[in-house]
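The structure comes first, and the notes follow by topic.

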Amino acid sequence: MSEPSGQELYERIPTKVFEDASLAVCEVAKEIAEAIRARQAEGKSFVLGLATGSTPVPLYRELVRMHREEGLSFANVTSFNLDEYFGIESRHPESYHRFMREQLFDHIDIPEAQINIPQGAVAREEVFEACQAYEEKIEACGGIDVQILGIGRTGHIGFNEPGSGPHSRTRLVTLDRLTRLDAARDFQGEHNVPRYAVTMGVGTIMDARKVYLLAWGRSKAEVIKAAVEDAPVESLPASFLQAHSNAYFILDTASASELTRNKYPWLVGFPAWTPELARESVTHLSLKLGKPLLKLVDKDYQENGLSELVTEQGPAYGLNIRVFNEVQHTITGWPGGKPDADDTYRPERALPARKRVLVLSPEPQDDVLAMAATLSRLVAHGHEVTVAYLTSGSLGVPDEEANWAADLMLEAGDSAIASDVLRELEEKGAFSEDSPRLRTFKSYLRRNEARASLEMCGLSKSCIRFLDLPFYEKGRYRRFEVGEEDVAAMSRLIDEIKPHQIFVTGEAADPSSVQAKSFSVFENAIRSFSSEPWYKDCYVWLYRSDGREWDIHQVEMAVPCSPDEVKAKAQAIYQHRSQRSQLPSMNADQSEAWEQAVERNRGTAVLYDKLGLAEYEAIECFVRWSTVEGASK
Ligand code: GLP
């Protein structure tokens, strides 16, 4: 038997990491296509287990492309979907029946009779039998050949929430609060989200002959790490796949970023000690041992798998000082550069003293979640700041909010629009999509929230742009298609401002998300300016608005916030009224957006403090995007 490689010491399931989701799905689609064709050649059928959610969307697009362009036929395929919400009709816009039609079945030649999806609309007393019948049908078809899976933030597969046993079968389940919160936007409000679902069991999934679990984006990184590297537990059903002899995790770099091989590469092999990796490992060592950077000694390095680093770049004290200085130089209270100061070691240039700054926010609120305090500073330091909201965010407005606003208008005597909106809300119920008029109304709500929020950061209305990018206006979640008109709108804005600084987010988000689509619009637009003189002098800063902050060694600009600035930030986020939770009290894990954002910034300050740098109340942080195509620095 060969010695296990370093990676195998940590990973309990075969895991393949691809540069991005599109490369990953090409490989999976190719393998599925080959398997389907091989069965066709034998005159046999192929049984494919399918999943829903954002994750499989790129895979389905690739399969549809193969059908159209390469003649891949699904005539011999029988499909079984993992799950369906209970209590909703298949015509509901968020039913998995409808999702599968829109994403796959309507575009390929799979015969209707060979499509199987658990029924969500059966009477409660019939569910048990329907579930049994589903299991029997899978068996009658010879079992599932290949099962596609995504993974929920709770670690669920299908709708097997934490607590699902490894031998569970198709059944009715109660959805976890976090899962329902994640679905709240799709359903225009948490209270529209079904409480129950019908799902294949973990045991049903384990019976599949081959399993691919796909995951994209940083928001999945933690749960992926736990599923791949920790012992299997009921609290994380995806971890049961470790016991499957033919299951594979297919990841993009963002979702794989917490794996030991990426996070601590020195523990699994012999990496080249670049300055970045040295910084990463030294900061990690300091935090792990609870010792400030400048107190680390050679022995600490040697006893923690870093003897090569300290031999190559030590002794410890010199290495410590180097990393300490690098981290120290990320801190600045002048996010737009400090005029009249030596900027050799500052993240931003001193000149021009007054910069044109463009902040791109995919949806209203992304901006303030990540950088309300930085925005306020930029304004206070006299820079010309423009905040552009790329999409209207109308899809994220719960119906109750529209109702509230329309009621208010009605009372104030503006009855024409208000009564139309109220009537539409009433007629629509939870079962149809918003009309263009209702979407526009909801987008006005978000505009007003955004204006109120930016006012807290010192920005006047004239500094705000609403781009309402067409990909969003024409689309729905998971069905966004970026087009030339989106890129043209973004290019016009950039060309008009010719910014010295751009703040943008979404480069590591799930590829179907609004943030990732917005980033791709930006990326396409900015390319056309690469030879412009102004662009050569433009710094692009990436911010993170989702739950996860940059790792400490990645940070290139750290903007400290005073206690008052932290309060003001919370106030700014609070203005996004339609995004507040519908529940009056939340537990620690599911706190409100402003609490989470502030907590995250406080967490960064704690890390800086632990490394032995100054102790701040909170820190907002940024990473510079390299102008090298597609890569962040
Ligand atoms: C839902 C589905 C799962 C899916 C999960 C993650 O809970 N029932 O099958 O894996 O969402 O969704 P997404 O891919 O959108 O992150």
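Glu-102 has a relative accessibility of 25% and therefore counts as partly exposed, since the buried class ends under 20% and the exposed class starts over 50%. The model is a predicted one. In it, the side chain of Glu-102 forms a salt bridge with that of Arg-479, at 2.4 Å from N to O. Glu-102 belongs to helix α4 (residues 96-103) and Arg-479 to the loop between α18 (470-474) and α19 (484-497), so this pair ties together parts that are 377 residues apart in sequence.

**Salt bridges**

- Arg-479 is buried, because its relative accessible area is 17% and the limit for that class is under 20%.
- A second pair is Asp-420 with Arg-437, whose side chains meet in a salt bridge at 3.1 Å, N to O.
- Asp-420 sits in helix α16 (residues 415-428) and Arg-437 in helix α17 (residues 436-456), and the two are 17 residues apart.
- Asp-420 counts as partly exposed because its relative accessible area is 22%; Arg-437 is also partly exposed, with a relative accessibility of 43%.
- One network, joined by salt bridges that share partners, holds Glu-94, Arg-98, Glu-102, Glu-433, Arg-476 and Arg-479.
- Lys-210 is in strand β9 (residues 210-215) and Glu-31 in helix α2 (residues 21-41), so the pair links distant parts of the chain, 179 residues apart.
- Lys-210 is partly exposed because its relative accessibility is 22%, and Glu-31 is partly exposed because its value is 31%.
- The count of salt bridges comes to 55.
- Side chains of opposite charge can pair when their charged atoms come close.

**Ligand site**

- The ligand is surrounded by 14 residues, and the closest are Ser-54, Thr-55, Asp-83, His-156 and Lys-220.
- By class, this shell holds three nonpolar, eight polar and three charged residues.
- An N or O atom in the side chain of Asp-83 is 2.7 Å from a nitrogen atom of the ligand.
- Tyr-96 places a polar side-chain atom 3.4 Å from a ligand nitrogen atom.
- Gly-158 contributes through its backbone, with an N or O atom 3.3 Å from a nitrogen atom of the ligand.
- On its own the ligand has 390 Å² of accessible area, and the protein covers 88% of this.

**Ser-255**

- Ser-255 is located in the loop between β10 (247-252) and α9 (260-263).
- Its relative accessibility is 0%, which means that Ser-255 counts as buried.
- The side chain of Ser-255 reaches the backbone oxygen of Ala-215 at 2.9 Å.

**Nonpolar surface patch**

- Which residues form a nonpolar patch on the surface? They are Leu-294, Tyr-317 and Ile-321, which together have about 260 Å² of accessible area.
- Leu-294 is found in the loop between α10 (275-289) and α11 (298-302).
- Leu-294 counts as partly exposed because its relative accessibility is 31%, and patch residues need over 30% relative accessible area.

How values were computed. Residues numbered from 1 in each chain as written. Predicted model: local features only at pLDDT ≥ 70, side-chain atom pairs only at ≥ 80, totals over all residues. Heavy atoms only, no water. Patch = residues over 30% accessible without salt bridge, like charges linked within 9 Å, V, L, I, M, F, W, Y side chains within 5 Å. Areas by Shrake-Rupley, 256 points an atom, 1.4 Å probe, with all protein chains shown as cover. Salt bridge = Lys/Arg side-chain N within 4 Å of Asp/Glu carboxyl O. Helix = DSSP H or I, 4+ residues; strand = E, 2+ residues; numbered from the N terminus. Buried < 20%, exposed > 50% of the residue type's maximum accessible area, 1.4 Å probe, protein only. Near = heavy atom within 4 Å. Polar contact = N/O pair within 3.5 Å; in protein donor to acceptor, adjacent residues only side chain to side chain. Nonpolar A, V, L, I, M, F, W, Y, C, P; charged D, E, K, R; others polar.
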